[in-house]
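Trainee: Could we go through this structure together? I would like to know what stands behind each label.

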Amino acid sequence: MSARLWSIGSGPSKPAATAITPLAPPTCGSGKNHVGYHLAAHLALHQYFTTNSRPVHRFLMLDQPTQPYYPSDMTKARGRLEDLALDEDRETVTRLFQLMHQVVTELAPDFQIIVSDHADLPHIWYQASVRYNWRGGEKLIPTTWLDTQPTP
């Protein structure tokens, strides 16, 4: 099964809600574009839901939104912002997190974003938002929770 994106066409002869056509993922651009589109859409929807008291959960979970900006071997090795190849990518990653921080701040205390990522930005506002940093032997699921003698 292939993934599909949908485009709602509009114009003088087509009302916005009637013409729905599939939009192939390659026409949306790179992985960086996909992350940007998805983040903008999710944040806009959650901003609308929260400000209009719609019955939608007040959190957004994002898994590695910076993945298109990091070389995979460097991400695994260090996960530091300095590993980004281009200054433009460093700035873009910072802007992504600034946008998330801004939306959460505006909607606080009614909305939160949970991000699991390798990025470790040096900015004070970023570091103040980090709740857990699973490095140096610390893990999302502590090894003490693992049953070494599982029952059959």
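Mentor: We will take the labels in turn and set each value against its definition.

Mentor: This is a predicted model, where local features need pLDDT of at least 70, side-chain atom pairs count only at pLDDT 80 or more, and totals for chains, interfaces and linings use all residues. Residues are numbered from 1 along each chain as its sequence is written, and side-chain values use heavy atoms, with hydrogens and water left out.

Trainee: What is the average pLDDT of the protein?

Mentor: The average is 78, and 70% of the residues score at least 70. pLDDT is the predictor's confidence in each residue, from 0 to 100. Over residues 1-18 it is below 50. That stretch still has 26 contacts in the model beyond near neighbours in sequence; a contact means heavy atoms within 4.5 Å. Where pLDDT is low, the predicted coordinates should not be read in detail.

Trainee: How many helices and strands does the protein have?

Mentor: There are four helices and four strands. Along the sequence the pattern is β-β-α-β-α-α-β-α. Helices (H or I, at least four residues) and strands (E, at least two) are DSSP runs, numbered from the N terminus.

Trainee: Why is the pair of Phe97 and Tyr126 called edge-to-face?

Mentor: Start with the rule. Rings of Phe, Tyr and Trp (its six-membered ring) pair if their centres lie within 6.5 Å; planes under 30 degrees apart count as stacked, over 60 as edge-to-face and the rest as tilted. The search of the whole structure finds four aromatic pairs. In this one the centres are 5.2 Å apart and the planes stand at 90 degrees, so Phe97 and Tyr126 are edge-to-face. Phe97 lies in helix α3 (residues 87-107) and Tyr126 in helix α4 (residues 124-129), so the pair ties together parts that are 29 residues apart in sequence. Both Phe97 and Tyr126 are buried.

Trainee: What makes Tyr132 and Trp134 a stacked pair?

Mentor: Their ring centres are 5.9 Å apart and their planes are at 0 degrees, so this pair is stacked.

Trainee: Is Tyr132 buried or exposed, and how do you know?

Mentor: Buried means under 20% relative accessible area, exposed over 50%, partly exposed in between (1.4 Å probe, protein chains only). Tyr132 has 62%, so it is exposed. Trp134 has 38%, so it counts as partly exposed. Of the 152 residues of the protein, 22% count as buried.

Trainee: Which residues have the most contacts inside the largest nonpolar core?

Mentor: They are Leu43, Phe97, Met100 and Ile113, in a core of 18 residues. A nonpolar core is a set of buried Ala, Val, Leu, Ile, Met, Phe, Trp, Tyr and Cys residues joined through side-chain atoms within 4.5 Å. α1 (31-51), β3 (59-63) and α3 are the elements that give two or more residues to this core. α3 gives the most, with six. Leaving aside neighbours within four places in sequence, Ile113 is in contact with Leu43, Leu60, Leu62, Met100 and Val104.

Trainee: Where is Ser53, and why is it called exposed?

Mentor: Ser53 is in the loop between α1 and β3. Its relative accessibility is 58%, so Ser53 counts as exposed. Its phi is near 50 degrees, a positive value in a residue other than glycine. Most residues other than glycine have a negative phi, and most peptide bonds are trans.

Trainee: Which residues does a cis peptide bond join?

Mentor: Ala108 and Pro109, with omega about 0 degrees. Pro109 sits in the loop between α3 and β4 (112-116).
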